[in-house]
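Please look at the sequence and the model together, and keep both in view while you read. The paragraphs below lead from ring pairs to charged pairs.

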Amino acid sequence: MAYAKEVLHRAEARLDEARRQNELDCDRRISAIYEKLPRLREIDRELRKTSAKVYAAAFRGSESPEQAMQTLRQENLSLQRERDWILESENIDPEDLEREPVCKLCGGSGWRGAAMCECLRELCRQEQKKVLMQAFGAGKESFEKFRLDVYPERIDPKLGISPRALMKRVYESAVSYTKTFSEGSDSLLFMGATGLGKTFLSGCIARAVADKGYSVCYVSAGKLFSDFETEKFRLKEDGALTGEYMETDLLIVDDLGTEMTTQFTVSALYQVVNGRLLSGRPTIVSTNLPDSELEARYSAQIASRLLGAYMLYQFCGTDVRLLKKMESRM
Ligand SMILES: [Zn+2]
């Protein structure tokens, strides 16, 4: 799972803090016991010295590790006995004198070999959600809040079905897309006029997919293109700004068609759409342009990929205030 650098840095910083806090807690707990029972401190100090000596011997190769353990036990037998006796008579759990790492699975590093440990992954999930909340502003998009009743029930003669019935299909399809989301899921194309809930539904999917532990990046088409432009302008095509758009598990490009289209934006869009299709990473593009205009604006290659390789979600309705209504009722 490719989390954005920012998300990973924040999660790692939180894990560092948790590790530091855990060290402090252990210090405090163990010191309190030693304060009360100074003899226990002496014994532990003595035991550490012998174990260091024995391990050094094993390291030099004069003893095998098994022999070293055996010697250690022998050497410290009386100290160990005295220690056990103190712990028992003072009713102290031996574990209270151990330094437990903040995570037993990875020892608190956040990594198990090259794989991310569940402790760090959970922190990434939480940080990812914060980033999405910022992207969506108030951040209340969820499938439960998607309101079908704001779409007209009357049958549209052109469609032969009511917008509400059609949007119910779109909604159900989005829910099932999210439930079964995985690396390699389909890409989606949201088409329809402004104010019909495309951004809202993108937000619902973004949150639910992020909850499943995938990295999600939400960006408006305008911001996407300006980041590509900035990177090119700086002559530093190192991917610092745009790398995330290629790497994230799910990319959501909102409002395609509202930006100024130039040869540069067309080539950047091709890079994103084609690159992500080739690497099998799903993308959701939403646009208020009709299909005929997609080709006119962005070239036949891009239109054929969007219309051919993406799953089409057609949004409909007649009321441009639908979204506002929906928001005011949240
Ligand atoms: Zn861990």
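Predicted model: local features only at pLDDT ≥ 70, side-chain atom pairs only at ≥ 80, totals over all residues.

Residues are numbered from 1 along each chain as its sequence is written, and side-chain values use heavy atoms, with hydrogens and water left out.

We begin with the rings. The structure holds nine aromatic pairs, where rings of Phe, Tyr and Trp (its six-membered ring) pair if their centres lie within 6.5 Å, and where planes under 30 degrees apart count as stacked, over 60 as edge-to-face and the rest as tilted. In one of these pairs, the ring centres of Phe190 and Tyr313 are 5.2 Å apart and the planes stand at 25°, so this pair is stacked. Because Phe190 lies in strand β3 (residues 187–191) and Tyr313 in strand β7 (residues 310–314), the pair ties together parts that are 123 residues apart in sequence; helices (H or I, at least four residues) and strands (E, at least two) are DSSP runs, numbered from the N terminus. Both Phe190 and Tyr313 are buried, a word that means under 20% relative accessible area, whereas exposed means over 50% and partly exposed lies in between (1.4 Å probe, protein chains only). Elsewhere, one aromatic cluster is formed by Phe143, Phe146, Tyr151, Tyr171 and Phe200.

We turn now to charge. Side chains of opposite charge can pair when their charged atoms come close. The structure holds 23 salt bridges, each being a side-chain nitrogen of Lys or Arg within 4 Å of a carboxyl oxygen of Asp or Glu. One of them joins Arg99 to Glu23, with the closest N and O atoms 3.6 Å apart. Since Arg99 lies in the loop between α4 (77–89) and β1 (111–112) and Glu23 in helix α1 (residues 5–36), this pair ties together parts that are 76 residues apart in sequence. Arg99 is partly exposed, at 46% relative accessible area, and Glu23 is partly exposed at 40%.

Within helix α8 (residues 221–233), Asp227 and Lys223 lie four residues apart, about one turn of the helix, and their side chains meet in a salt bridge of 2.7 Å, N to O. Asp227 is buried, with a relative accessible area of 7%, whereas Lys223 counts as partly exposed at 43% relative accessibility. Salt bridges that share partners also join Glu6, Arg10, Arg14, Glu127 and Lys130 into one network.
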